[in-house]
Amino acid sequence: MTIDLKTVKHISKLSRISIDDNKAKKLGKDLNSIFSFIEKLNELDTKNTEPLTSIAETKLKLRKDEIKSENIREDILKNSPDKNKDFFVVPKVVE
Amino acid sequence: MSNITDLKLVELVDKIKKKELSSAEVTIAFIERSKKSKKLNAYISENYENAIKNAKIFDQKPDFKKKLPGIPIAVKDLFCSKNIRTTAGSKILENFVPTYESTVTQNILDEGGIIIGKLNCDEFAMGSSNETSYFGNVQNPVSENLVPGGSSGGSSSALAAKLTPATIGTDTGGSIRQPASFTGTVGLKPTYGSCSRYGIVAFASSLDQAGPMTHDVKDCSLMLEIMSTYDTKDSTSVEFKRESYLNNLNENIKEKKIGIPKEYRVDGMPKEIDELWEKGIKIIKENGGKIVEISLPNTNYALPTYYIVAPAEASSNLARYDGVKYGFRSKGENLIDMYEKTRSEGFGDEVKRRIMIGTYVLSSGYYDAYYLKAQKVRRLIKNDFDEAYKKVDAILTPSTPSSAFKIGEKLNDPVSMYLNDIFTVPINLAGLPAISIPAGHDKKGYPLGLQVIGKAFDEQSILNIAFALEKNISFKNNITDWWIK
């Protein structure tokens, strides 16, 4: 299998990472070498194997539905890259 | 008296308890040495002033019942620390100041520990040489221009250089054990579910575990005791009886059955690694342990499995970095354009590469062929260990297939970089505990490590076996302080 430039561009779109043609070519090369290494898994017959989704075989515990949050709105907003007093700000979405 | 910074963690605790040293004296000693060691680039953020203030507060009203009474500790910059910048080695989090504390660092604070700084690491813990950090390469104190391993490279460097008496790292595929091995220090990855993941910047949630990095096995036992707690804030935290690892530590390994997996004798492995392994086997036999040949037939499939599972989980975890609520933001013409530019400029090449691998293996039409397939093979790898543990109590292997390499040597070949984790990755896939201890030097004088892998939640056994090995090996790290003028 080879990953062509079109596929690299498609993955970059899905990943929400913009990429120029030069970078895409280089990345395509890297991805191909990584995937040819990954293809090794096809040697194994796993028809009757159950997938392992979690190593911790614990049941999720229930807890009381209590409010634990502290009043840290201002501290949280301090980390925002573009902010006004009360909200997170993003580029205009609705015309 | 010898230098304060030459003392090990347990010795420092003892001296503080006996009032031979104050917390301020110890804290200032490690900070002074850290200040002289900027060339190593081990720190991303320093917390020196606050640390000295906190040490003085401790000394005014010392509580000697604490396990880390006024002990200064620098930690990997992947643990969120309240009011101290936490970057994960990434530009995208360059100015992020958490409003909460990770459970593991909170445990350290609760036991009287004092955070002196945040240590460099590969960006989002993705790397084996600390070369993917936005904050630059870290020097291995063993020799100039040598990588300290990764991703906990700042941690291993700071520890080996005695800038901190102990430290903590995280291990997703070897990120504690490989840097420990490269710097002649001890590193332990606990069983998945032992240490809470709450407040640790997530890489691959089904593999990530925090663990201690120390000068010796005793110190490691103490740190594990503090770090490992059941935590309701982490849904994968496991409730089990945690031992007093330090109190129970003993070197008696009589009748212990230690497995030697034949698949770990890989082609082209340097002779000195093989000899190191033989040395470990000999020590176990001499101390009454039994050596058992075992087979882990799917070992060769661990790395390809890892390079599907880990990037898949990473691509999902890192979707949160969108430039909206925190972190770096780039200007865009519209919302989508802002996302794409933010992530393109905010992430480094290795992180982008892994996000894209992960996105691809999870994308429509490829999920079954890659991600589901990898999860199935992960089951086979875990089954291998389950079978082996019917016959043995623990497993002994080398920690890495080579000693530390030069900065830049493997940067342009991702697959060759990934091969570094060949002996460590299977353990994360199976969720088991494993410890790396320094066991010798190669002909260049660089440290080499041995790895002891245990049964799930049986950290005590691997600590004891490591303790017996350590006593017989009596490893000496030949570090010359070349970076201090």
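Predicted model: local features only at pLDDT ≥ 70, side-chain atom pairs only at ≥ 80, totals over all residues.
**View 1. Helix α1(A) against helix α11(B).** Helix α1 of chain A spans residues 5-14. Its axis and that of α11(B) come within 9 Å and cross at roughly 95°. The two helices are therefore roughly perpendicular to each other. From α1(A), the contact uses I11(A), S12(A) and L14(A). From α11(B), it uses M356(B), T359(B) and Y360(B). By class, this contact has 4 nonpolar, 2 polar and no charged residues.

**View 2. The side of chain B that touches chain A.** Chain B puts 53 residues into the contact, and chain A puts in 42 residues. On the chain B side, the elements giving two or more residues are α9, α10 (335-346), α11 (349-362), α12 and α13 (414-418). The largest share, 10 residues, belongs to α12(B). Sorted by class, this side of chain B has 24 nonpolar, 17 polar and 12 charged residues.

**View 3. Helices α9(B) and α12(B) packed within chain B.** Helix α9 covers residues 302-317, and helix α12 covers residues 368-388. They pack at an angle of about 125°, with their axes 9 Å apart. The pair is therefore oblique. Their crossing is left-handed. On α9(B), the contact residues are A302(B), T305(B), I308(B), V309(B) and A312(B). Facing them on α12(B) are Y370(B), Y371(B), A374(B), V377(B), R378(B) and I381(B). The contact has 9 nonpolar, 1 polar and 1 charged residues.

How values were computed: Residues numbered from 1 in each chain as written. Chains lettered and ligands numbered in written order. Axes fitted to C-alpha atoms, helices over the stretch in contact; angles between N-to-C directions. Helix = DSSP H or I, 4+ residues; strand = E, 2+ residues; numbered from the N terminus. Parallel < 35°, antiparallel > 145°, perpendicular 65-115°, else oblique. Left-handed = near helix turned anticlockwise from the far one by under 90°. Contact = placed C-beta atoms within 7 Å. Nonpolar A, V, L, I, M, F, W, Y, C, P; charged D, E, K, R; others polar.
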